[in-house]
Every structure is written in C-alpha cells, then in structure tokens.
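Please consult the sequence and the model shown here while reading.

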Amino acid sequence: MANQISDETMEYVGILAKLELSGEEKEAAKADMEKMLDYIDTLNELDTSAVEPMSHVFPVCNVFREDVVTNGDNKEQTLANAPLRKEDSFEVPKTIG
Amino acid sequence: MDLLHLTAIELGRKIKTREVSVTEAVKAVLEQAKEMEPEINSYVTLDEAGALMQAEAVQKRIDSGELTGPLAGVPAAVKDNMCIEGKLTTCSSKILSNFHPAFTAEAVKNLQKAGAVIVGKTNMDEFAMGSTTETSYYGPTKNPHNLMHVPGGSSGGSCAAVAAQECWYALGSDTGGSIRQPSSFCGVVGLKPTYGTVSRYGLIAYGSSLDQIGPVARDVSDCAAVLEAIASHDEKDSTSIQRKDYDFTSALARDVKGMKIGIPRDYMREGLNPEVADAVWKAARVLEEQGAVIEEFDLSLVKYAIPAYYVIASAEASSNLERFDGVKYGYRAADYEGLHNMYKKTRSEGFGAEVKRRIMLGSFVLSSGYYDAYYLKALCVKALIKQAFDRAFESYDLILGPAAPTTAPELGKSLQDPLKMYLGDIYTISVNLAGLPGMSVPIGRDRKGLPVGMQLIGNSFQEKTLIRAAYTYECATEKQFEVSADVRAGAGMAAGQAGDCGRACRQTGDPGDSAFQAKSEMPDVQAKSGREA
C-alpha cells in the first residue's frame, strides 16, 4: 500500500517542525516521506498486539537528586552565544502587540 | 623517533619515562594533521594554540606526579557534537557555526582528568545524521585509505583522523552504528558501550534513547584504555548507569577457550558483499582456532530494525532539535517578520537537507493521529528486537558478524538515495535499539585495499567479553589489519586516476577547485614520501 500525503498534512508537519520549505523542497520532502512511510509500514507484518511499547531498555525509573547548585554563574558565557542580546537578556522579535 | 606509529599506550609509556615530552607528541601530531588536512578534512577545528597550552599544563601535572595513567599526555580528538567549554562546537551544522559552549561534556572531562590533550574537533555528518560524513556543512571527510571513498559516518572525522595518524585516538558517538561503521571503513577499532555506560551530558542529542559516546582507537588495548577513562556514573545524565566494573583493560587477555560465539545466518545472506562475508568467516575461523566455539543461528527480525530505528530516532531528533531556533545560540536568519517567522527561517536556512528530512519525518510520526500507528508500533518492535537478542544471549557469549554490508562507498554515491544509504546500517542499528555493546575490529582488505571490519555484539554490560575476543583475534593475527593508512600512497593513486587533469589544473592555476588542487600537489607529496623511504 503506497502512502499518499496530502498538501495539508505537509503544511501541518511544516508547522510542527518549524520549517519553511520552498515549493521544490516541499515536493521532494513529500516524495521522501511517502517512500519512508511505505518502508516503515513493513513493521505492520509483525503482530505486536501483546507487546508493551519499550521506551527504555533498562528498567530504570525517575532518577532524583537534591537540587543543589554546583555550577557557577555562567551568565556572561551563556549570553555571549546570543544571536541578539539586550543587556542581560536574549533579544527576540516583538511577540505581543 | 617516529612517534606517529606508536599506539596511544606506547606513547603514554614514553611520556611517563620522559623519553618524549607532551609538547613533542602534540607537535608531531599537529604537523601530521596540517599535512593531511587538505586531503582528508578530518577536523572541523584544529586547535593548535590550545593544544600546545594544554601540553604544557599536562606536562606539569605529570612531572608533579599527579597524572600517572596510561593516557596522560597523549593527544586525542573529539567529535564535534561534544561540548568543550569555550571551544567552537558545530555538530558540523551551519546552525551552530558560531556556538561556544559554556561547559564541557562529562566524557571529555573524564578524558581531561586522565591527562588527554585535545587537539581538535572532528568532522561528522550534520547532527550525526548520515552514514558517510558527506552531510557535513564543512565539506566531506575522505577515507585515508583511498581518497576517492568516504570514511563512513557519522563519526567519519574521528575514524579518519585516527587512521591518518592525525591523533592517537578519538571519541565518537554512535546512535545507529556511527562509531562501528566508520571504524570498519577506516580500519580502526571502535566500540559503542552499553547504553548508560558513558555520560551523555554535553553530547548534543540526536536520538537520546540510542546515543552513546565511545572510543575510536588504533588497537584493542588503546580502545579498552580509553573506554576505562571515559566511562562513569554521572548524576547529570538521568540515564547514566552505576556499573560494577569499570576496569575494562583487565579484559585484555588472549583467551577465548570455550567462548560460545553465534553468527546470525540472517546477517550472512543476500545483500552482503562476498569479500566482506569471506573476511568475516576467516575471522570466525581464527577465533575458533583459538578455542572459541562457533555456531550459526537465526537471530530473526533483522529487517525490521531499520524501519523501527528511523521512526524512533527521527521522533527523538525532531524533539531534540527543537531547541535550535535562533534565540539562545547559533545562527539566526538575517531577515524575518515576527517571532515564528524568525524560527522557521532560521531553521530552514540553518539545517541541511538530511536533518530537515528527519525532523519532518519525526514530527509526522509524533503528530496526533499517527503517534500510535508509527511511534508506539516502533517501540513495540524495539521490545521484540530486544527479546530476540535476549534469547540469543541465552545460548551465546558473543555475536559475530559484519559491521557493514560493503566496504566504504565512493564519494558522492550515497546521498541521492537516502533509503539505500539507511540500509547500510542493517547490522549495527539493532544493537542501539537493544542498548547493547558493539565493537568493530579490522579483519581484512578488499581488492581495492579498503578495510573490512567485523562487528562483535555482547550482552548488556559485557564489554569485557568483546574486548577479550577482539584482543585474542588481534594477537592471533599479529595486528596485520590494524595498519594506519598510507595517505601519501593512497593519494598518489587518486592522482594517478585523475592524472593529466590534475596537472592541467595546476598549469592553468585554478585554485578554486580544491579537489583538483589537492591532486595537483600529489607529485611533490610522493617525492617527499620517497625521500623518507
């Protein structure tokens, strides 16, 4: 069964992925994804109705530790990487009107 | 003294006895790297000044008796997806082309504690997504054994740097085979530890449930020593595991008597290059002669590992790479209208094609309506694959097979058909899904002289079994396949193929095409190598 992805789905995935693809890129991405999904569909040959999804290979649960600060004040080093900086803040485009 | 031919441990011994200074070792490797880099491009950043400064500091710590370990003073390289404080860390992506981390990855810190001098950051597939190191924003790395071929990936820079003697050992990371496959293609020893053995703190995440850092080395002893240095329990990584054993070098013993080794029939069938198959069988015979018991068995589910992997890894990648949005670090698009448009433009301009492909796929399989059918289904298949390995390890101490279906492909032949490239990871990917340790060891050459590797797979926490088998093989074959690349001879071959063209380019003085430029320099390089001989 060949997968067919609609333009609307591609648009939606683009929003989730925060990617803006050109018309040409979009067509290529759609074809790539349809091909991959056809391939991924081979997983349906396996009956997994009695199998629990496994997210972690070892039976580890949440790992807790005391919230003790061990690192120093890296403010300057951290802000030095900012594409745009305003005093001690990261500067971003205006978000509210 | 030719330091470059020594193993890391041999060099460490000479540094310890003051036969060689740390600065001498660093200078030797920097000189080699500067000569090789125009050809190989193993490094994104070669940190000459930083390495010389580290050398002085490490020498003082050795002289004061603080550093006594086997790797003290030995120059190493680190894959460019591991953060080092203040050092450019790019993940071979445009989006991190100006990122200087404020902290150092735990594995690198452990190396520094052991006295390593980090000479540079190695090239990789962008965000470790790829099998050839051709998706790097900073240009492909070439295979030191034949410059017309890829080194494999994604840790292609680390493996090429070790093979071309541009460092004594390196760190790589392995999400679906990214240490083992390029190690096999470059004729070096690479090991992916059991999930949780090496801290992922400071490793820029791709598929968090699959990623592990591991060593790339010239021989099995170096590999064990580096693993011993980097493995640790780390509170900063919630998936880090407190192990009972960290003394991996204690497994360096020539003894496989009675060791039960299984060869999956499903690995040795169609799709496997006959030369690779032949080398794997020969390696198995060597271990048999040393006393191991070799049997074939059906592992099952082999063909489902790749589709399950691409669902899980892409899903995790789409989430992990969400953070690259042009706000806190890295590249930001120049023109945009408003916040969301800035995100989209930054990411669309900053990521390469393969990364975007996987983010799109990952976003799709996690989206409502598809989550159960794809993502949860893949997690169920992962459980089945783990069970298949559990069953195998009830009968065998070790699984032996090829690391990859072929030797290194030619440059420029893999990216057009991503699905075909993905299939090249068929023997390595399931090991990540099951969280197991895997190791690649050189076992031969194909007709073109390209290295062939075998993969040893162990049960969880059984790195020592891998090391013991690999060491036994290495002793029995007298390291005949662990030979560093003769880049000068290999490059000469490339020049021979391009012959007149290379010379013509030099005559017309076209410096724009670096490939031709490199070839045009060949006759001089050969002459130099001739003098040394």
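## Strand β9 of chain B

B:Ile261 has B:Leu398 of β9(B) as its bridge partner. In this predicted model, local features need pLDDT of at least 70, side-chain atom pairs count only at pLDDT 80 or more, and totals for chains, interfaces and linings use all residues. Residues are numbered from 1 along each chain as its sequence is written, while chains are lettered from A and ligands numbered from 1 in the order in which they are written.

Strand β7 (residues 260-264) of chain B pairs with β9(B) in the parallel sense over two bridges; strands pair if DSSP finds at least two bridges between them. On β11(B), B:Gly458 stands opposite B:Leu398. Strand β11 (residues 451-458) of chain B runs antiparallel to β9(B), and five bridges join them. Five of the five residues of β9(B) (residues 398-402) are buried, so this strand is largely enclosed by the rest of the structure. A residue is buried if 20 or more other C-beta atoms, placed from the backbone, lie within 10 Å of its own.

## Chain A

Chain A has three helices and two strands, in the order α-α-α-β-β along the sequence. Helices (H or I, at least four residues) and strands (E, at least two) are DSSP runs, numbered from the N terminus. The C-alpha trace of chain A spans about 55 × 45 × 25 Å along its principal axes. Of the 97 residues in chain A, 12% are buried.

## Contact between the chains

Chain B brings 54 residues to the contact and chain A brings 41 residues, where contact requires C-beta atoms, placed from the backbone, within 7 Å. α12(B) gives the most to the side of chain B that touches chain A, with 11 residues.

Conventions:
Two residues are in contact if their C-beta atoms, placed from the backbone, lie within 7 Å.
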